[in-house]
Amino acid sequence: MAPGRLACAVVSELPAPGTVRPVTRWGEPVMHRTLQPVTAFDDELATLVADMVATMYAAEGVGLAASQIGVDRALFVFDCPDDDHVRHSGVVCNPRLTLPSGDDRNLDDADEGCLSFPGAFVPCPRPDWARVDGVDQAGAPVSHEGTGLLARCLQHETDHVYGTVFGDRISTKARRRLAEAQEASAHEFPPDWPVGISAEPHEGDSV
Ligand SMILES: [Zn+2]
């Protein structure tokens, strides 16, 4: 996901960044299908996670799914603030999303952006709280929950794992506005973006 403002530093659960890879765009088949479950928690997975972390930071995102660097594996990484500006970060393989229901369900229609459709943001209504359960890159159970941009990020990244992009969740009119905004900034995002950009943790808002 693409970000906004970060505040308090929090000890990161993420591994050191690996190699920055080009971000895969909407339209590539891997972006639009359910990804294969992670079953091997080995060196290959560790390298993939490190490269995802590097690519997320280089692209100034707050979250990144494996499909966004063209890999068909059901996992994402994130480093994202909640509504209280507290940063949360982690690796989630085989995510399962829990959302509020009934009276607890409140929609937040803040702007949303996606690194795989870079340079464009439109409002996307989503529940203002979410929890994701899964396992980390070592296969240990993890659970992350929260509010604000974090809630949006957890939903956006889990969507990627199941082949949904946020353009699928907005009206045709909003999708058209999103496409126009992306077109206007396309020159800032060459095909190999963000290769060549330093992979430092940022202060920012895209997923
Ligand atoms: Zn995205």
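**Strands 3 and 8.** I started with strand 3 (residues 87–98) and strand 8 (residues 129–135), which pair in the antiparallel sense over four bridges. Pairing here means that DSSP finds at least two bridges between the two strands. Strands (E, at least two residues) and helices (H or I, at least four) are DSSP runs, numbered from the N terminus.

**Ground rules.** The model is predicted, so I read local features only at pLDDT of at least 70 and side-chain atom pairs only at pLDDT 80 or more, while totals for chains, interfaces and linings use all residues. Residues are numbered from 1 along each chain as its sequence is written.

**Confidence.** pLDDT is the predictor's confidence in each residue, from 0 to 100. The protein averages 93, and 92% of the residues score at least 70. Residues 5–9 stay under 50. For that stretch I found eleven contacts beyond four places in sequence. A contact means that the C-beta atoms of two residues, placed from the backbone, lie within 7 Å. Where pLDDT is low, the predicted coordinates should not be read in detail.

I traced an open sheet of five strands in the order 1-2-3-8-9, with antiparallel pairing. Neighbouring strands are turned by 35° against each other on average, direction ignored. I take axes as lines fitted to C-alpha atoms, for helices over the stretch in contact, and angles run from 0 to 180 degrees between N-to-C directions.

**Helices on the sheet.** Helix 1 (residues 43–58) packs on the sheet and touches strand 1, strand 2 (75–81) and strand 3. Its direction makes about 40° with that of strand 2. Helix 2 (residues 148–161) touches strand 1, strand 2, strand 3, strand 8 and strand 9. For helix 2, the angle with the direction of strand 2 is about 165°.

**Helix 1.** I checked its span: 16 residues reach 23 Å from first C-alpha to last, close to the 22 Å expected at 1.5 Å a residue. The expected span is 1.5 Å times one less than the number of residues. Its buried residues include Leu 45, Leu 48, Met 52 and Thr 55. Buried means 20 or more other C-beta atoms within 10 Å of a residue's own, with C-beta atoms placed from the backbone; exposed means 12 or fewer, and partly exposed lies in between. The buried residues of helix 1 pack against strand 1, strand 2 and strand 3. Just after the helix, Glu 60 takes a positive phi of about 60°.

**Strand 2.** Is strand 2 mostly covered or mostly open? Mostly covered: seven of its seven residues are buried. Leu 75, Val 77, Asp 79 and Pro 81 point one way, and Phe 76, Phe 78 and Cys 80 the other. Three bridges join strand 2 to strand 1, and seven join strand 2 to strand 3. Leu 64 stands opposite Val 77. The bridge partner of Phe 78 in strand 3 is Gly 90. Strands 2 and 3 form a hairpin with five residues between them. In the turn, His 85 has a positive phi of about 65°.

**Core.** Of its 48 residues, Met 52, Leu 75, Phe 76, Val 77 and Cys 153 touch the most other members. The largest share, nine residues, comes from helix 1. Beyond four places in sequence, Met 52 is in contact with Leu 64, Ala 66, Ile 69 and Val 77.

**Two spot checks.** Ala 120 is found in strand 6. It counts as buried because it has 22 C-beta neighbours inside 10 Å. Its contacts beyond four places in sequence include Gly 113 and Leu 178. Gly 134 is in strand 8. Its contacts beyond four places include Cys 93 and Val 142.

Methods:
A nonpolar core is a set of buried Ala, Val, Leu, Ile, Met, Phe, Trp, Tyr and Cys residues joined through C-beta atoms within 7 Å.
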